[in-house]
Amino acid sequence: MRLTLLTSSYPRFPGDGTAPFIRSIAQALQRAGHAVEVVAPYDPAVQPDPADTLPVHRFRYAWSRRLHIMGHARALHADARLRPAAYLLLPLFLLAEGRALWRVSVRQRAQAIHAHWVLPNALPAALVARLL
């Protein structure tokens, strides 16, 4: 089966503690024989892991590297509330995420979309799945 995995958190570099379990899920699906591609937000700290065999497609949603705070738990202030900029960036994030998901899913001819995290990923995933 061809699967597109949509997530707002994915390890950004080797040893990153940000959502390593999502990579584990994707790798397990890949080992089970599925063709898996990951769609995740861009982050300035991204350094691809050469040992990772999964295709990871990072999407940009802001014009400045400093504004890429959505995903990877960076939109939170003191792990308690959203930063004010997150409210302004959310529409851009959702549009860019949906566009990236559409592009990857069409090119891959995805048979299923796995959206990890209801917020913010469920809406773009449901729309793209419905359209496909």
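The structure is a predicted model, in which local features need pLDDT of at least 70 and side-chain atom pairs count only at pLDDT 80 or more, whereas totals for chains, interfaces and linings use all residues. Residues are numbered from 1 along each chain as its sequence is written, and side-chain values use heavy atoms, with hydrogens and water left out.

With neighbours within four places in sequence set aside, Met1 is in contact (heavy atoms within 4.5 Å) with His34, Ala35, Gln111 and Ala112. Between the C-alpha atoms of Met1 and Gln30, which are 29 residues apart along the chain, the separation is 9.7 Å.

The loop between strand S1 (2-6) and helix H1 (20-31) contains Arg12. Arg12 counts as buried because its relative accessibility is 14%; buried means under 20% relative accessible area, exposed over 50%, and partly exposed in between (1.4 Å probe, protein chains only). Its side chain makes a polar contact of 3.2 Å with the side chain of Thr18. A polar contact is a pair of N or O atoms within 3.5 Å; within protein, one must be able to donate a hydrogen and the other to accept it, and residues adjacent in sequence count only if both atoms are side-chain atoms.

Helix H1 consists of 12 residues and spans 16 Å from its first C-alpha to its last, close to the 16 Å expected at 1.5 Å a residue; the expected span is 1.5 Å times one less than the number of residues. Ile22, Arg23 and Ala26 are the buried residues of H1. They cover an arc of only 100° around the axis, so they lie on the same side of H1; the arc is that of the directions from the helix axis to the C-beta atoms. These buried residues pack against S1 and strand S2 (35-41). Gly33, which follows H1, has a positive phi, near 105°.

A nonpolar core is a set of buried Ala, Val, Leu, Ile, Met, Phe, Trp, Tyr and Cys residues joined through side-chain atoms within 4.5 Å. The largest such core has 16 residues, and those with the most contacts inside it are Val39, Phe59, Tyr61, Met70 and Leu101. Helix H2 (84-108) and helix H3 (118-131) are the elements that give two or more residues to this core, and the largest share, 7 residues, comes from H2. Apart from this core lies another, of 10 residues, among them Tyr10, Ala19, Val36 and Ala40.

Key:
Helices (H or I, at least four residues) and strands (E, at least two) are DSSP runs, numbered from the N terminus.
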